[in-house]
Amino acid sequence: MIDLIYLTVLLPLLGFLFNGLVGPKIKSEKIIGIVGSGAIGLSFIIVVGAFFETLALPVDQRLNIVTLFQWIAVAGLNISFSYQVDQLSLVMSLIVTGVGFIIHVYSIGYMHGDKSFWRFFAYMNLFIFAMMNLVLADNFLLLFLGWEGVGLCSYLLIGFWYDRKFEKSTTSAAGLKAFVVNRIGDFGFLLGMFLIYSTFGTLVFTDVFSRAVSFAVPEHIFVLIAIFLFIGATGKSAQIPLLVWLPDAMAGPTPVSALIHAATMVTAGVYMVARCSIIYASAPAAMMVVAVIGVFTAFFAATIGLVQNDIKKVLAYSTVSQLGYMFLALGAGAFSAGIFHVMTHAFFKALLFLGAGSVIHSMHEQQDIRHYGGLKKYMPLTYGTFLVAAVAISGIPPLSGFFSKDEILWYSFTNLGFVFWLIGLLTAIMTAFYMFRLYFMTFEGKERFSAKGGSASGGDSHKTNPHESPKLMTIPLIVLAVLSAIGGFIGIPEIFSGDHGNLFHSWLAPVFKTAEMKLMHFGGHSHFEELLLMIISVVAAAGAIFYARYVYLKKPEVAEKTASRFKGAYNILLNKYFLDEAYDATVINPIVKGSENFLWKIADNKLIDGLINGLAKIVDKISGSIKKIQTGIAQSYALVMVLGILIALFWIIMSYS
Amino acid sequence: MEQSYLLTYLLAVPIIGSLLLLFINKEKAKLIKNVGLIVSLIAFIISLIIYFDFNDQSSDFQFVHKFNWISDLNISYHVGIDGLSMLLVLLTTFLTPLTLISSWSSIKHKVKEFTFFMLFLELGMLGVFVSLDMFLFYVFWEAMLIPMYFIIGIWGGERRIYASIKFFIYTMAGSLLMLVAIIWLVVYSAEMLGGFTTNLLDLYRTGPTIDTTIQGFLFLAFALSFAIKVPLFPFHTWLPDAHVEAPTAGSVILAGVLLKMGTYGFLRFNLPLFPQASLDYAGLISVLAVIGIIYGALVAMVQTDMKKLVAYSSVSHLGFVILGIFALNQEAVQGAVIQMINHGLSTGALFLLVGMIYERTHTRKIADYGGIAKVVPFFSFALLFTSLSSIGLPGLNGFIGEFLILTGAFKSTVLGSWWFTIFAATGVIFAAVYLLWMYKKVAFGEVTNPNMNSITDLNFREKLVLIPIFIFIVWIGIYPSTFLKVSEKSSEKVIEQVLNPAKINLE
């Protein structure tokens with residue numbers, strides 16, 4: 001199956017071509033849906049096969065490369081469409097095709113009746129194609145093809161309903177913003193590649209990473225490479241300062257938010273940094289930058305998540321925050337802990353989004369949680385699975401989020417220090433709080449909508465008829481709920497699992513071995529400390545959940561009072577620290593206005609073109625006045641001629657004497 | 001050396017074709033169009049024959065045909081191609097029939113004259129790319145202005161006269177300085193070699209021996225002429241006017257091929273003839289190129305007219321090509337060569353698309369559009385696809401060129417600084433902004449202009465024009481080796497000619 005890994009790229013591509021070319025003609029949702037999901041399902045089976053085949057191999061032979069054909073060969077640059085099957089790429093591929101397949105199936109139900117059903121599945125397949133290139137690439141350039149490719153699909157899918165309004169603007173504006181902000185990141189990524197190529201003479205991973213060890217490269221070069229690449233990661237994974245696009249990306253259909261903007265694409269940055277672990281390990285300063293950006297993003301996004309009222313917005317900020325956690329892990333040198341969180345997060349965050357989709361679906365596109373409430377009796381499966389995900393993300397044992405999050409907190413404590421741990425802990429508390437705020441306001445308490453035939457009153461004038469979603473949507477929820485619940489067991493920390501060790505880490509260990517040896521962090525390891533920190537964070541999270549229950553279920557007026565008492569702070573959070581406005585004022589407007597009013601209208605039209613036309617005018621004027629000499633009067637010509645002869649004669653005489 | 005007549009046949013085809021047109025009654029528009037198309041297709045087939053016969057392992061000129069023309073001055077008819085010109089010849093013969101098909105319904109009056117000038121133009125462009133005699137080159141270089149002047153001036157938009165005269169005088173002014181430099185060079189070489197010659201291959205040996213200061217002046221004289229054609233900032237202001245006023249076919253050829261004559265000129269003449277000056281001025285020219293990349297993109301961003309936007313985007317894209325040429329290493333020069341082709345395809349397609357939609361709506365103002373994705377889905381797909389190619393999305397053609405150029409420029413020892421690349425790479429961001437911004441305003445949103453509800457999607461003929469271009473856009477993006485291979489040896493050679501010029505033995 002390893003040899004067939006290229007099919008996991010090819011099948012989604014074929015699915016895209018089929019649905020893109022044939023889809024609009026056949027108009028059968030069944031065929032489109034089956035082809036679209038089938039392509040991903042088959043890919044998943046192949047990845048699983050490749051996984052077990054790799055597992056059966058001795059540890060030192062678990063890196064295999066499957067080459068299709070040469071892509072670019074110029075001078076020393078030799079890049080192929082080659083796929084690297086190793087422990088890390090397999091984990092990512094399993095997530096992408098596995099969660100991808102589940103979300104594709106869900107989408108058949110969710111997108112039912114949409115006039116562009118075919119287009120949706122075409123784009124989704126194209127996305128998986130790009131994403132598989134990203135995670136399987138054996139070189140930076142092919143990774144970048146996937147990297148930009150997922151960005152394109154994200155752009156297309158955010159603006160999928162391109163004629164719709166979204167908040168103050170349109171869905172297509174949101175898509176454009178996502179693409180452009182990502183491009184800013186890609187600019188950094190490109191520079192990183194240039195520097196890698198000029199330093200190591202290659203862009204192939206295995207060569208770059210072995211040369212990173214064997215070449216004598218000054219540390220500041222490593223730092224620069226690491227920072228450039230990380231700029232790319234901040235774009236793709238929505239970290240400070242490039243996080244502004246992700247909340248707007250919620251303009252896309254909800255399955256898109258689940259797949260692209262939660263489970264897979266946004267974790268590409270984490271994957272990429274983990275893939276380059278040796279480069280980061282050689283650049284301690286850059287590691288620190290990653291950790292600081294990660295922890296601050298985690299914290300700030302969580303604060304914003306506290307006050308949002310749009311169900312998808314809460315989840316979007318939560319995603320940004322969780323991504324921050326992953327970078328915190330990477331910055332702490334705990335690469336496999338970061339990847340572990342990528343995996344568990346893919347489960348529970350995809351579940352949260354799909355659950356939100358189910359709710360939105362049944363509430364007639366209403367996304368404001370202030371108009372929800374008491375939904376649990378209408379949609380029991382959505383409710384149950386959503387609750388599992390909420391518990392998981394809050395870090396309550398033994399659900400998956402507990403294991404991955406706690407590990408990150410532990411490593412940030414030991415490798416980075418108390419402050420990082422503390423901010424991480426505060427973030428975890430806020431996470432539990434806003435997640436349960438969301439949960440209580442949606443599923444519990446009073447109904448704040450007017451149900452059809454019901455008597456409940458609310459601010460909503462529409463008649464709503466909440467109902468459970470069809471099986472095509474609920475079964476994926478159940479599968480993800482199971483994964484969110486037990487997915488963490490493959491990464492049980494040593495203090496609990498004893499001799500078995502941490503399965504997930506020992507699987508990934510060979511990939512990060514060189515980097516971890518370089519870092520040499522793991523000295524004193526006190527079980528007591530680890531256990532203590534664990535207890536603190538669990539208790540804190542549980543406390544936050546109960547407080548959320550108290551505030552949003554028992555005493556709803558407390559929330560309002562708090563909001564009005566801290567009106568200023570509340571507004572700042574609600575408007576996400578006015579980051580968009582700040583960027584508009586300091587970057588976007590000056591560039592656009594400057595280009596229009598100065599570069600184009602003055603520099604180009606007046607100065608440069610004016611100079612050219614001015615030159616032409618001068619020539620015109622001069623020749624205009626000279627032409628008056630040509631009077632056409634023979635006498636004046638004769639006069640000039642005589643004068644000329646006299647001057648000539650004078651000249652000759654003078655020069656003889 | 002054995003003579004090959006293929007290139008001469010290639011040049012003869014448009015000549016014979018245009019002469020043939022003279023004998024057809026001008027009322028028979030359909031026949032005229034068909035003859036024009038068939039002639040241009042024959043030229044394409046001949047260029048394909050040349051391509052399949054082309055030896056990409058050699059950096060020498062191939063298919064050389066030479067005979068005395070003006071014996072007293074030892075001027076020859078001397079043609080031949082190498083890897084640099086091979087691709088441009090193919091691009092020319094590929095785009096010409098497509099533009100003729102695209103003008104099928106948009107050119108309604110004076111069809112005969114139009115077809116005549118288009119074939120005349122093809123002759124001029126091919127001549128420029130295959131000439132190996134300085135004099136012959138200059139004849140083609142200037143001759144090519146004439147048909148373009150008329151194409152803009154007769155079939156152009158409202159301000160066509162202004163635009164065509166500006167185009168003509170602007171480019172002519174540059175060319176005159178080049179003529180002076182050519183004369184100087186030829187006279188110098190005559191002294192050097194003991195006999196008069198305009199053979200480019202001889203001049204390649206004498207040029208590098210010229211004293212540095214004078215070499216600089218000659219370099220600048222040539223460079224000015226080419227820089228105007230490219231156009232390199234700040235010599236670009238003729239371009240938006242010419243593009244906006246030109247009919248679609250004119251814009252496509254102008255962007256697709258004519259601008260490449262400037263970049264080709266740098267590669268073919270400036271670098272090998274004046275190696276020392278090329279190194280001396282590489283920094284200056286690259287600075288202008290980088291300014292052009294950013295400036296062109298920023299100005300494109302704020303345009304309200306689609307055609308003007310695409311025109312300014314050319315300034316930006318060609319900046320990349322020039323940067324690649326003057327980075328003077330294999331990655332960058334190969335990138336520049338492939339980027340010339342890419343720009344011809346992508347920008348050519350953009351102008352075609354703008355022309356197609358203009359034919360339906362008679363407006364090029366972006367603000368008049370909106371939401372047409374729903375009304376004309378194929379057009380919208382085509383516009384997005386082309387924009388993505390132009391933006392440099394990996395997997396499509398534009399990326400290959402930009403990436404190679406930037407990679408090469410980054411490690412270039414001639415440029416010697418990362419800053420060229422760092423600034424140039426911001427063009428990657430701006431390109432996404434201006435093209436997708438336009439796309440958003442044109443295709444997305446709701447239909448606000450009622451006139452847009454009734455427009456029809458692209459017809460078979462129009463798809464026939466676009467699809468061949470799209471095939472190459474993907475082909476170059478996925479498997480560029482087909483094309484990179486062609487120019488590989490010649491790129492190596494031109495770099496070698498600059499860095500280690502083979503100077504003539506002065507004895």
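**A close look at A:Ala350**

Guide: Start with one residue of this predicted model. Not counting residues up to four places away in sequence, A:Ala350 touches A:Val99, A:Ile103, A:Ala258, A:Ala262, A:Ala263 and A:Leu480.

Now look at two of those partners. A:Val99 and A:Ile103 belong to helix α3(A), and A:Ala350 belongs to α15(A). Helix α3 covers residues 87-110 of chain A, and helix α15 covers residues 335-362 of chain A. Two packed helices are described by the angle between their axes and the distance between the axes. Here the axes come within 11 Å and cross at roughly 5°. An angle under 35 degrees counts as roughly parallel, so α3(A) is roughly parallel to α15(A).

Which residues make this contact? From α3(A) come A:Leu88, A:Val91, A:Ile95, A:Val99, A:Ile103, A:Tyr106 and A:Tyr110. From α15(A) come A:Ile339, A:Val342, A:Met343, A:Ala346, A:Ala350, A:Leu354, A:Gly357 and A:His361. Sort them by type: 13 are nonpolar, two are polar and none is charged.

Next, the core. The largest nonpolar core has 429 residues. A:Ala350 is among the three that touch the most other members, along with A:Tyr280 and B:Leu323. Helix α6(A) gives this core its largest share, 18 residues.

Follow α6(A) to the other chain. The contact between the chains takes 37 residues from chain A and 40 residues from chain B. On the side of chain A that touches chain B, β1 (64-74), α5 (140-158), α6 (171-200) and α25 (579-626) each supply at least two residues. The largest share of that side, 13 residues, comes from α6(A). By type, the side of chain A divides into 24 nonpolar, seven polar and six charged residues.

Step back to chain A as a whole. Chain A has 26 helices and six strands. Its C-alpha trace spans about 120 × 65 × 55 Å along its principal axes. Of its 657 residues, 54% are buried. Take the contacts in chain A between residues at least 6 apart in sequence: 79% of them join residues at least 24 apart.

Last, how far can you trust the picture? Chain A averages a pLDDT of 90, and 97% of its residues score at least 70. Over residues 453-461 of chain A, the pLDDT is below 50. That stretch has 13 contacts in the model beyond near neighbours in sequence. Where pLDDT is low, the predicted coordinates should not be read in detail.

How values were computed:
Residues are numbered from 1 along each chain as its sequence is written. Chains are lettered from A and ligands numbered from 1 in the order in which they are written. This is a predicted model: local features need pLDDT of at least 70, side-chain atom pairs count only at pLDDT 80 or more; totals for chains, interfaces and linings use all residues. Two residues are in contact if their C-beta atoms, placed from the backbone, lie within 7 Å. Helices (H or I, at least four residues) and strands (E, at least two) are DSSP runs, numbered from the N terminus. Ala, Val, Leu, Ile, Met, Phe, Trp, Tyr, Cys and Pro count as nonpolar, Asp, Glu, Lys and Arg as charged, and the others, Gly among them, as polar. A residue is buried if 20 or more other C-beta atoms lie within 10 Å of its own, exposed if 12 or fewer, and partly exposed in between; C-beta atoms are placed from the backbone. Axes are lines fitted to C-alpha atoms, for helices over the stretch in contact, and angles run from 0 to 180 degrees between N-to-C directions. Angles under 35 degrees count as roughly parallel, over 145 as roughly antiparallel, 65 to 115 as roughly perpendicular and the rest as oblique. A nonpolar core is a set of buried Ala, Val, Leu, Ile, Met, Phe, Trp, Tyr and Cys residues joined through C-beta atoms within 7 Å. pLDDT is the predictor's confidence in each residue, from 0 to 100.
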